[in-house]
Amino acid sequence: MARVAVRTDDFQLAYRLIKKLRQSKIKYIQLEYDKPLPSDIIFWFGTHKEVQQSSDKKGIPCDIDLVNATVQKNINLLLAGENVKLLSFGIDTGPRPGLAWFADGKLIDSLQLEDIDSVVSEINQIIYYISPKSSIIRIGRGPKTLSNRIVNNCLGQGFNVELVDEKNTSLGSRHDHVSSAKNIGLKSGIRIFNQLKVIPTKGEVREIQRISRLASHGRSTIPSNLARSVATGRLSLTEAINLHSQ
C-alpha cells in the first residue's frame, strides 16, 4: 500500500518529487490534483497554491528548488516516527564521507557528502527534523587528519562523539562509503571528550598540492604551507589557490 502521494498538476514539480522518492525507496502514488486521496496516504506533496486550496492537513507544500530538502525532511519524520529516544549517526571518513542515521537502531537513510565540512550541517538538519531525546555521532577511525577534523567539528557543536574502529566495516568496495557508514553507526566506539590534534602527513600535503595543480589546470601548485592549511580545514582549496595566485 502506498503511503505518500505526489498530488500536483505541476509536471516539473511532480517529476522531481518522483525522482527523489524513488531514490529514497519510498512507496508513492501519483495523482492529479483533483483526484480523491486514498485513506492509506500519510501525506502528499503539491504546490503551495494546491495545498492552500485543499485545506487538507496531509498536504505538504513544496517549491521546485527545495524538493530534496522537503522530501528528506518528511521522509525522516515518516520513517523515524515520534518520540525517538536515540538518533545515532555513522560516518565513514574520507574526502567524500558516507553518512547514515538510525532512530533507536532502525536505519532511516544514508547518503554520501561532497566534503567533510558539510557533515555537521547535515547532522544538525537531521536532528532538527527528528527531534530525538539524545544523539550520538560515531566516526570511523579512517585517515587520521580527516577523522580528527570531523571529530573536532562535531565536538564544537556539542555532539556526543565516539571513534569507531573501521575494521570489517567495509563489506563491499573500499569506495562504498555509505555502506561502511551504516556499519559504523551500529558499532560502539571510544567516547571522545576533547579536541584532537590535526597534523597532516607529508603524503597528505603532497596530495593536496597535486589536486591544486589539477584544479588550476596546471597553472600553479600551492606551496606546502597553504596545503597544510587546506588539510587542517583553515582554508578551502579554492581559497588557497587564490591566495597563491595573488
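Good morning. The protein chain here has 9 helices and 10 strands. Helices (H or I, at least four residues) and strands (E, at least two) are DSSP runs, numbered from the N terminus.

A word on where this comes from. This is a predicted model, in which local features need pLDDT of at least 70 and side-chain atom pairs count only at pLDDT 80 or more, while totals for chains, interfaces and linings use all residues. Residues are numbered from 1 along each chain as its sequence is written, and side-chain values use heavy atoms, with hydrogens and water left out.

Now the overall picture. Along the principal axes, the C-alpha atoms fill a box of roughly 65 × 45 × 30 Å. The chain has 246 residues, and 46% of them count as buried. Buried means under 20% relative accessible area, exposed means over 50%, and partly exposed lies in between (1.4 Å probe, protein chains only). Next, contacts, meaning heavy atoms within 4.5 Å. Take those with a separation of 6 or more: 60% of them join residues 24 or more positions apart.

On to charge. The chain carries 34 positive and 24 negative side chains. Lys and Arg count as positive, Asp and Glu as negative; His and the chain ends are not counted. The centres of the two sets lie 7 Å apart, with each charge placed at NZ of Lys, CZ of Arg, CG of Asp or CD of Glu.

Let's zoom in on a hairpin. Strand 6 (residues 98–103) and strand 7 (residues 106–112) pair in the antiparallel sense, over 6 bridges. Two strands pair if DSSP finds at least two bridges between them. Which residue of strand 7 is the bridge partner of G98? That is Q112. There are 2 residues between the strands, and D104 takes a positive phi near 50 degrees in this hairpin.

Positive phi deserves a comment. Most residues other than glycine have a negative phi. K25 has a positive one, near 60 degrees. Where is K25 found? Look in the loop between helix 1 (11–23) and strand 2. K25 is exposed, with a relative accessible area of 75%. H217 also has a positive phi, near 55 degrees. H217 lies in the loop between helix 7 (202–215) and helix 8 (224–232). At 65% relative accessibility, H217 counts as exposed.

Stay with helix 8. Its buried residues are L226, A227, S229, V230, A231 and T232. What do they pack against? Helix 5 (144–156), helix 7 and helix 9 (237–245). Just after helix 8, G233 takes a positive phi of about 90 degrees.

Last topic: aromatic rings. The structure holds 3 aromatic pairs. Rings of Phe, Tyr and Trp (its six-membered ring) pair if their centres lie within 6.5 Å; planes under 30 degrees apart count as stacked, over 60 as edge-to-face, and the rest as tilted.

Y33 lies in the loop between strand 2 (28–31) and strand 3 (43–46), and W44 lies in strand 3, so the pair ties together parts 11 residues apart in sequence. Both Y33 and W44 are buried.

Another pair is F43 and F45. Here the centres are 5.4 Å apart and the planes are at 80 degrees, so the pair is edge-to-face. F43 counts as buried at 9% relative accessibility. F45 is buried too, at 1%.
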